[in-house]
Amino acid sequence: MRHYLDFEKPVAELEGKIEELKHLSDAGDLNIAEEVQRLQTKADRLLRSTYAKLSAWQKTQVARHPQRPQASDYIAQLVTDFTPLTGDRLYGEDRAILSGLGRLGGHACVVLGQEKGKDLTSRQTHNFGMARPEGYRKAQRLMRLAQRFGLPVITFVDTPGAYPGIGAEERGQAEAIAKSIEVSLGLDVPVIAVVIGEGGSGGAVALASADRVLMLEHAVYSVISPEGCASILWRSADHAKDAAEALRLTAQDLHRLGVIDTVIEEPVGGAHRAPQDTVATVGRALQGALEERLAVPRGELRQQRRQKFLEMGQAGLG
Amino acid sequence: MNWISDYVRPRIRSLIAKQDVPENLWEKCPSCGQMIFHRELEANLRVCTACGHHMRISAQRRLELLFDEGEFQTIELPETPVDPLRFRDRERYTDRLKKARSKTGKQDAIVVAHGTIGGSKAVVACFDFAFMGGSMGIAVGEGLVAAARLAVLQEAALIAVPASGGARMQEGILSLMQMPRSTIAVEQVKEAGLPYIVLLTDPTTGGVSASFAMLGDIHISEPGAVIGFAGQRVIEETIREQLPEGFQRAEYLRDHGMVDLVVPRGELNATLGRLLSLLTVPSLPRAAEIIPLAPPEAAADGTGPGEPVATEAESVTSGGELESAEREPQEPRGG
Ligand SMILES: [Zn+2]
């Protein structure tokens with residue numbers, strides 16, 4: 001069952017009609033086949049035009065689409081020899097972050113990915129992609145492992161944010177995020193991040209303090225969720241749409257601001273329409289970025305990464 | 001008999017008659033509700049005379065009480081893009097900025113100053129909560145970068161004093177990017193072998209706590225300061241439980257291993273001065289170098305296990321193995 005977003009309703013209606021007609025057409029009626037073809041063309045055109053001009057708020061919904069490919073899909077399709085490694089060696093294992101060793105395009109690397117989960121059970125297992133300090137400390141541990149063995153680090157960013165809870169605060173959520181940023185910035189191996197869905201604030205930047213930050217066309221990356229921003233600045237979460245616009249959280253705006261390096265095109269109708277194609281495209285972009293960074297002498301990576309962040313944000317939207 | 005009723009009251013009346021701001025003369029403690037006369041409150045460094053609650057203070061006041069004799073020099077901060085996102089909520093961000101500037105007389109939410117603390121050179125990067133809740137945008141990030149560079153240049157310690165609700169929403173992703181940027185700044189100080197101390201004041205939350213503010217060599221906090229990542233309301237809404245007593249307060253963080261010392265405002269200069277003098281032994285190499293387990297003289301001196309051992313500083317100096325000639329030149333770090 002395809003899950004339709006609110007603004008996809010007109011497409012949903014057309015596609016619903018097409019399905020109905022297809023059920024009728026088992027007799028092979030030529031008129032019906034023609035009508036199906038006609039509607040299909042119309043639906044495709046509508047989908048294309050809808051997705052060509054998504055608003056920031058619509059993109060936020062696409063980025064959170066329940067059928068959007070997640071870190072586990074990317075790992076399954078792109079990473080060979082994947083060997084999960086778990087635990088922060090301090091307190092626990094946080095399944096909001098998938099982690100392990102594997103090969104991407106033949107290159108052995110450390111892989112980290114925030115996973116939201118796909119059904120009620122797995123969402124609970126992965127805590128909706130909201131990591132606790134253990135998740136970030138596990139990430140640090142694996143980044144240090146990467147450093148020790150000269151392996152690049154690949155991260156898949158997809159989180160509403162770090163988990164806000166009593167235990168998380170007691171165990172130093174702020175410190176865990178801060179340290180992850182510090183460790184990531186200090187590595188002298190390549191670090192490549194891809195924002196595949198929702199880049200939620202500090203919880204995202206903890207895994208995205210990278211040499212290259214790639215981002216899917218309809219992914220979002222923001223200092224605060226549009227709902228959170230609206231409830232603070234507009235005093236009402238009903239203004240989430242306005243907040244999404246104001247925050248400039250789309251891949252296109254972030255690219256203009258120089259915060260991300262590459263926008264990766266999604267299939268027409270969004271990544272959830274063709275997950276495997278999306279993953280394959282991301283795989284090619286990742287491999288390109290990885291090999292470009294692997295060509296840089298190891299001793300220069302850290303300095304270049306620092307320079308990139310230090311120069312960031314001086315221009316504005318222009 | 002009471003100093004306030006005998007001496008101050010008549011004077012207040014005359015002042016009230018002249019000015020139209022009587023509420024400024026008495027301030028209510030937000031913690032215990034006690035009304036405190038302003039001059040008494042100022043003399044007590046804006047710490048409640050009844051309950052010891054540490055009220056928020058301006059960056060100016062903070063710098064005066066941190067530096068020796070209240071003497072320091074502020075530095076001009078680099079120009080940064082204004083309103084890079086052309087952000088507008090119910091109000092334009094540029095208008096909010098204007099208001100904050102005229103209210104505080106500051107350009108943005110951070111002031112950077114240098115001077116001495118307990119005789120040691122120090123650069124202090126101090127937030128002003130009165131300026132848009134001390135929120136961190138590009139200007140604040142740039143202030144931290146400038147403070148770190150100055151510390152490295154002067155071979156001084158860096159002391160960051162956050163008082164901030166977190167990132168400045170109106171600068172969107174660019175405010176989020178101040179987390180890695182400020183982290184790089186303090187890393188440069190640490191790599192130069194200089195102390196980086198964080199004085200966490202009320203409040204230190206959000207993206208500020210989750211970056212440079214939790215990366216100090218030493219974390220000091222004022223009593224009762226709220227320090228944490230997530231806001232209390234957000235946590236309550238998420239877990240639908242009551243928060244424990246003292247949650248996210250300085251003492252709570254100390255008890256959970258995130259803060260070294262909780263120090264009352266009046267003792268900050270002395271404590272920081274002592275720490276800086278302990279951390280900056282001038283004759284020693286400061287970077288991580290191998291220090292012999294025991295100095296050659298140790299055995300001859302009869303210093304064995306269980307005996308009080310010399311500090312590392314003494315052992316290295318007496319061992320004579322790591323004299324200043326061996327000090328490695330610092331690796332040059334570009335901007
Ligand atoms: Zn009080």
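Chain B of this model, which is a predicted one, has a secondary structure of 13 helices and 9 strands. Of the 335 residues in chain B, 41% are buried. Among the contacts in chain B with a separation of 6 or more, 69% are between residues 24 or more positions apart.

I turn to the domains. Chain B is divided into domain 1, residues 24–55, domain 2, residues 57–279, and domain 3, residues 285–335. The C-alpha centres of domain 1 and domain 2 of chain B are 23 Å apart. Where these two domains of chain B touch, 7 residues of domain 1 are in contact with 8 residues of domain 2. The domain 1 side of that contact has 3 nonpolar, 3 polar and 1 charged residues.

Next, the sheet. In chain B, 7 strands form an open sheet with mixed pairing, and their order is 3-4-5-6-7-8-9. Which strands stand at the edges? They are strand 3 (73–74) and strand 9 (261–262) of chain B; each has a single partner strand, so one side of each is left without a neighbour in the sheet. Within the sheet, strand 7 (residues 196–200) and strand 8 (residues 218–221) of chain B pair in the parallel sense over 4 bridges. B:Leu199, for instance, has B:Ile220 in strand 8 of chain B as its bridge partner.

Some backbone details deserve attention here. Most residues other than glycine have a negative phi, and most peptide bonds are trans. In the loop between strand 7 and helix 8 (206–209) of chain B we find B:Pro203, and the peptide bond that joins B:Asp202 to B:Pro203 is cis, with omega about -15°. B:Gln248 is not a glycine, yet has a positive phi of about 65°. This residue, B:Gln248, is in the loop between helix 9 (232–239) and helix 10 (250–255) of chain B. Is B:Gln248 buried or exposed? With 26 other C-beta atoms within 10 Å, B:Gln248 is buried, the cut-off being 20 or more.

I come now to the interface. In total, 46 residues of chain A are in contact with 44 residues of chain B. Several elements of chain A give two or more residues to this side, including helix 7 (166–170), helix 8 (173–186), strand 7 (220–222) and helix 14 (298–311). The largest share, 9 residues, comes from helix 8 of chain A. By class, the chain A side divides into 27 nonpolar, 13 polar and 6 charged residues.

Finally, helix 14 of chain A. Its 14 residues should span 20 Å at 1.5 Å a residue, and its end C-alpha atoms are 21 Å apart, which agrees. Which residues of this helix are buried? They are A:Arg305, A:Arg306 and A:Phe309. These residues cover an arc of only 95° around the axis, which puts them on the same side of helix 14 of chain A. They pack against helix 8 of chain A together with helix 7 (178–191) of chain B. The face turned away from the buried side of helix 14 of chain A carries exposed residues, among them A:Glu300, A:Gln303 and A:Glu311. After helix 14 of chain A comes A:Gly313, with a positive phi near 85°.

Terms used:
Residues numbered from 1 in each chain as written. Chains lettered and ligands numbered in written order. Predicted model: local features only at pLDDT ≥ 70, side-chain atom pairs only at ≥ 80, totals over all residues. Nonpolar A, V, L, I, M, F, W, Y, C, P; charged D, E, K, R; others polar. Pairing = 2+ DSSP bridges. Domains from an automatic or database assignment. Expected span 1.5 Å × (residues − 1). Buried ≥ 20, exposed ≤ 12 C-beta atoms within 10 Å, placed from the backbone. Arc of directions from axis to C-beta.
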